[in-house]
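Thanks for coming. I have one structure to go through today, so please have the sequence and the model open as I talk.

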Amino acid sequence: MTTIDWDAAAGSFDEEPDHGLYDPAVRDAWAGRLESWLPATRSDVLDLGCGTGSLSLLAAGQGHRVTAVDRSPGMAELARAKLAGTGAEVLVGDACLPPVGERVFDVILARHVVWLLPDPAAALHHWFGLLKPGGRLVLVEGVWGGVGLPAARITALLAPHTERVHHEDLAGDARLWGKEVDDERYALVARAEPPHRHTEVVDVHLILRRGPDVLLARRAGTGYADGLLHMPSGHAEDGEDVREAMIREAAEEIGVALDPDEVRVALVMQHRGPGGGARMGWFFVAEYDADHPPRNAEPEKCSELDWFPLDDMVAYCRAGLDGYRAGEHFMIHWHEDGDPVAHRPDGPRRAVALPPAAERTGRVHHIELWVPDLAGAERRWGWLLTRLGHLPYQSWADGRSWRRGESYVVVEQSPDPSADHHDRRRPGLDHLAFHVADRATLDALTAEAPAYGWRLLHPDRHAYAGGEGHCAARLEDEAELVVGSVPRP
């Protein structure tokens, strides 16, 4: 703080070009800046440390209702004379605690004032309390002759009150000062919007696979979705990355010690429960290890731990599993208030897959298979594709399709067939090949396939049908349409 006799300085104060604004070029420069800082509509402006009222006069001339305050009676007297006839009010008082009672303002303007205050932080706190919601604090400050406050210092003082601070360099505009300057001069325009950053809980979920099955826990005693199935899961804690959180939660909930190399990312899904807040969910995959079987390590939160079917589940958890099986990597699952927490096959579908940025040229868009009998093909192919992670996509009178990621498979009954079966020995399509996770999944598919109209070809070569480094099953449907090969590299 500096000690200046402002009453004594009042008589000569306007001799500085940027104080009196007598030079038309200087006045126009300030008028232009002020017009950009103040609202376009008529507003209530509080000019603190108004001096002789030069900026107040410009604001009043632009149609604003102005209240000017200065602690110097001499300055205030000159300001009243300058503002006569504009409707502006001039008060004598301390800028730190201006005598405006309970009134609030659209704009508080202070030029070369903050650097003089004994406690700038306290003054700024009080000024924000005098602003209407969304109001503006306009500060013109600088560092000249070794005194003043740098912009970084005042910006830091504003941080507890707002995140919206606009900085303008004023040193480069000689018209404002009536001369060239080489020191720091600036304006800060801050909005009266309390700092708020959107935050979300980060949760982690484990897809522990045993062949085609997934380990699920039945929630109990938690107060949320009790009685429903859910994957082992939890929340990341402060200072913990998501992989560390998943490893910790697996140990705490199911007694499984996972190595970081065993944990693979399945997908990331932002989700919201009915009536709740948003969360960011990371879904990880790990393989079952028979030497280290899972156990119910938290019986107070889990009534049952086993390998379950997928219907009786929390809806967003089921959506995450479906997305993983369909090859998605990024999803949103946004419950509406009133939606059931539990997954319902006939309920509203809230899952939205977000395609990653990647080159699409050259990828398979879809494969279309013509069949002699749609009903039989739907039974056979619907089962197989669903077990391989495809989801029902389209349905029309003569066809069906199943989608995984950006590609889909169509079976359609030809309106004009040239034969009643497919001969894979002729030139053309021989077979389709699909990846599966492991030998256990392959064996389970092979065991189930006959019930859905598939038969295993070459069972004596079952383990070698994909060539070296592969284990495959060749399945043929009843119409001899195609041979499905499911290799594992």
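A residue is called buried here when its relative accessible area is under 20%. By that cut-off Trp177 is buried, since its relative accessible area is 1%. Before going further, note that this is a predicted model.

Let me stay with Trp177 and the aromatic rings. The count of aromatic pairs comes to eight. In one of them, the ring centres of Trp30 and Trp177 lie 5.5 Å apart and the planes stand at 85 degrees, so this pair is edge-to-face. Trp30 sits in helix 3, residues 24-37, and Trp177 in helix 8, residues 174-177, so the pair links distant parts of the chain, 147 residues apart. Trp30 is also buried, with a relative accessible area of 0%.

A second aromatic pair is Trp282 with Phe284. Here the ring centres are 6.2 Å apart and the planes are at 20 degrees, so the pair counts as stacked. Are its two residues buried or partly exposed? Trp282 is partly exposed, at 27% relative accessibility, whereas Phe284 is buried, at 2%.

Next, helix packing. Helix 1, residues 6-13, and helix 5, residues 73-83, have axes that come within 7 Å and cross at roughly 35 degrees. Helix 1 makes this contact through Trp6, Asp7, Ala9, Ala10 and Phe13, and helix 5 through Pro73, Gly74, Met75 and Leu78. Of the residues in the contact, seven are nonpolar, one is polar and one is charged.

Now helix 7, residues 151-158. Which of its residues are buried? They are Ala151, Ile154, Leu157 and Leu158. Looking down the axis of helix 7, these buried residues fall within an arc of 125 degrees, so they line one face of the helix. The elements that cover them include helix 6 (120-129), strand 5 (131-144), strand 7 (165-169) and strand 8 (184-191).

On to charges. Side chains of opposite charge can pair when their charged atoms come close.

Take Arg264 and Glu287, whose side chains meet in a salt bridge at 3.1 Å, N to O. The pair links distant parts of the chain, with Arg264 in strand 13 (residues 264-272) and Glu287 in strand 14 (residues 278-287), 23 residues apart. Arg264 is partly exposed at 42% relative accessibility, and Glu287 is partly exposed as well, at 32%.

Arg350 and Asp339 form a salt bridge at 2.8 Å, N to O. Both residues belong to the loop between strand 16 (330-334) and strand 17 (351-353), and they are 11 residues apart. Arg350 is partly exposed at 26% relative accessibility, while Asp339 is buried, with a relative accessible area of 11%.

Arg210 is partly exposed at 35% relative accessible area, and Asp213 is partly exposed at 31%.

Last, the network. Salt bridges link Glu237, Glu240, Arg248, Glu249 and Glu252.

That is the end of my part.

How values were computed
Residues are numbered from 1 along each chain as its sequence is written. This is a predicted model: local features need pLDDT of at least 70, side-chain atom pairs count only at pLDDT 80 or more; totals for chains, interfaces and linings use all residues. Side-chain values use heavy atoms; hydrogens and water are left out. Buried means under 20% relative accessible area, exposed over 50%, partly exposed in between (1.4 Å probe, protein chains only). Helices (H or I, at least four residues) and strands (E, at least two) are DSSP runs, numbered from the N terminus. The arc is that of the directions from the helix axis to the C-beta atoms. Contact means heavy atoms within 4.5 Å. Axes are lines fitted to C-alpha atoms, for helices over the stretch in contact, and angles run from 0 to 180 degrees between N-to-C directions. Ala, Val, Leu, Ile, Met, Phe, Trp, Tyr, Cys and Pro count as nonpolar, Asp, Glu, Lys and Arg as charged, and the others, Gly among them, as polar. A salt bridge is a side-chain nitrogen of Lys or Arg within 4 Å of a carboxyl oxygen of Asp or Glu. Rings of Phe, Tyr and Trp (its six-membered ring) pair if their centres lie within 6.5 Å; planes under 30 degrees apart count as stacked, over 60 as edge-to-face and the rest as tilted.
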